[in-house]
Amino acid sequence: MCEHFVARASEPFRLDELWPLAERLERYGMAGFGWGAAWLASERRIDTHRDVRAFRDDPLASDLGAVETTSALIHLRRPSKLSTLQLADTQPFFDPGRRFAFSHNGDLRDVRESRRRYQAESRIAGRADSEVGARWLEDAWDTCPSPAAALRSLHATFGGQANLAVITIDGTVAHYAGNTENPAFSFRLGRIGVVSTALYSIDRSLFQLAAPGATERRLVRPGIAVTLDPTGAPLAG
């Protein structure tokens, strides 16, 4: 029952411009079991922050708010299995090759065989299905034609109700809509383009409760991956 979103703009913005959305997604989305962020820190470098506390309880959130970036990914955690409440399962996951950071909302169904293989390779640190998806993405990344294609392939491989998001070292952000229980929407918050999950509400309560000032609101259809271009405009594919 996690919530997550990606954001991008043509000019730098402070991360705390996204904090009202993050706080409301956590509150109304029943998250609060850890959170994390990844952002473009400089040319071809992603920085990340993860904490097992709620976003609202993390004292570093205020300091992080002053960070300026043009691309970001925010994940607010409410795991399906409360036995996974540990830093190893807190998202987003950062690629060891420093190519991207990845997050997941929902469940990946057919992960058992891959989990055993990654465990045998000493590549699994936690218990959540999301980490299996991260390991798969690391292996498949260089053969996929785009971040959006990589997310679609990941979902095709494992199935389940799964929304997927990624930020890359060139500032690309993409969000794949594959969880029909938690729709995804693209919209704008001022100059910032956003694609976000929707509070596990199949209506448009996201905009009444979490993003009341949003403009250019569009539902992302299941099976579609949206990439935000350098201006924050959504490109579906």
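**The sheet and what lies across it**

Tutor: Let us begin with two strands, β8 and β12, which pair in the antiparallel sense over four bridges; please keep in mind that this is a predicted model.

Student: Which residue in β12 does Ala-174 stand opposite?

Tutor: Ala-174 has Thr-227 opposite it in β12.

Student: And what order do the strands of the open sheet come in?

Tutor: The open sheet is formed by six strands, in the order β5-β6-β7-β8-β12-β13, and their pairing is antiparallel. At its edges stand β5 (93-94) and β13 (234-236), and each has a single partner strand, so one side of each is left without a neighbour in the sheet.

Student: Which strands does α5 lie across?

Tutor: Helix α5 lies across β6, β7, β8 and β12, and it runs at about 150 degrees to β7. Another helix, α4, lies across β5 and β6, running at about 140 degrees to β6.

Student: Staying with α5, how far apart are its end C-alpha atoms?

Tutor: They are 17 Å apart, which agrees with the 16 Å that the 12 residues of α5 (residues 147-158) should span at 1.5 Å a residue.

Student: Which residues of α5 are buried?

Tutor: The buried ones are Pro-147, Ala-148, Ala-149, Ala-150, Leu-151, Leu-154, His-155 and Phe-158. These buried residues of α5 pack against several elements, including the strands β6 (100-106) and β7 (162-168) and the helices α3 (112-120) and α4 (129-140).

Student: What follows α5?

Tutor: Gly-159 follows α5, and the phi of Gly-159 is positive, near 70 degrees.

Student: Changing topic to the rings, how many aromatic pairs are there?

Tutor: The count comes to seven aromatic pairs. In one of them, the rings of Trp-19 and Phe-55 have centres 5.1 Å apart and planes at 70 degrees; the angle is over 60 degrees, so the pair counts as edge-to-face.

Student: Where in the chain do Trp-19 and Phe-55 sit?

Tutor: Trp-19 is in helix α1 (residues 19-28), while Phe-55 is in the loop between β3 (45-51) and α2 (60-64), so that the pair, 36 residues apart, links distant parts of the chain.

Student: Are those two residues buried or exposed?

Tutor: Both Trp-19 and Phe-55 are buried. Ring pairs also link Trp-19, Trp-35 and Phe-55 into a cluster.

Student: Which ring does the charged end of Arg-78 sit over?

Tutor: The charged end of Arg-78 sits over the ring of Phe-33, at 5.2 Å from the centre of that ring.

Note on methods: Residues numbered from 1 in each chain as written. Predicted model: local features only at pLDDT ≥ 70, side-chain atom pairs only at ≥ 80, totals over all residues. Heavy atoms only, no water. Expected span 1.5 Å × (residues − 1). Buried < 20%, exposed > 50% of the residue type's maximum accessible area, 1.4 Å probe, protein only. Contact = heavy atoms within 4.5 Å. Phe/Tyr/Trp six-rings, centres within 6.5 Å; stacked < 30°, edge-to-face > 60°. Lys NZ or Arg CZ within 6 Å of the ring centre and 35° of its normal. Pairing = 2+ DSSP bridges. Axes fitted to C-alpha atoms, helices over the stretch in contact; angles between N-to-C directions.
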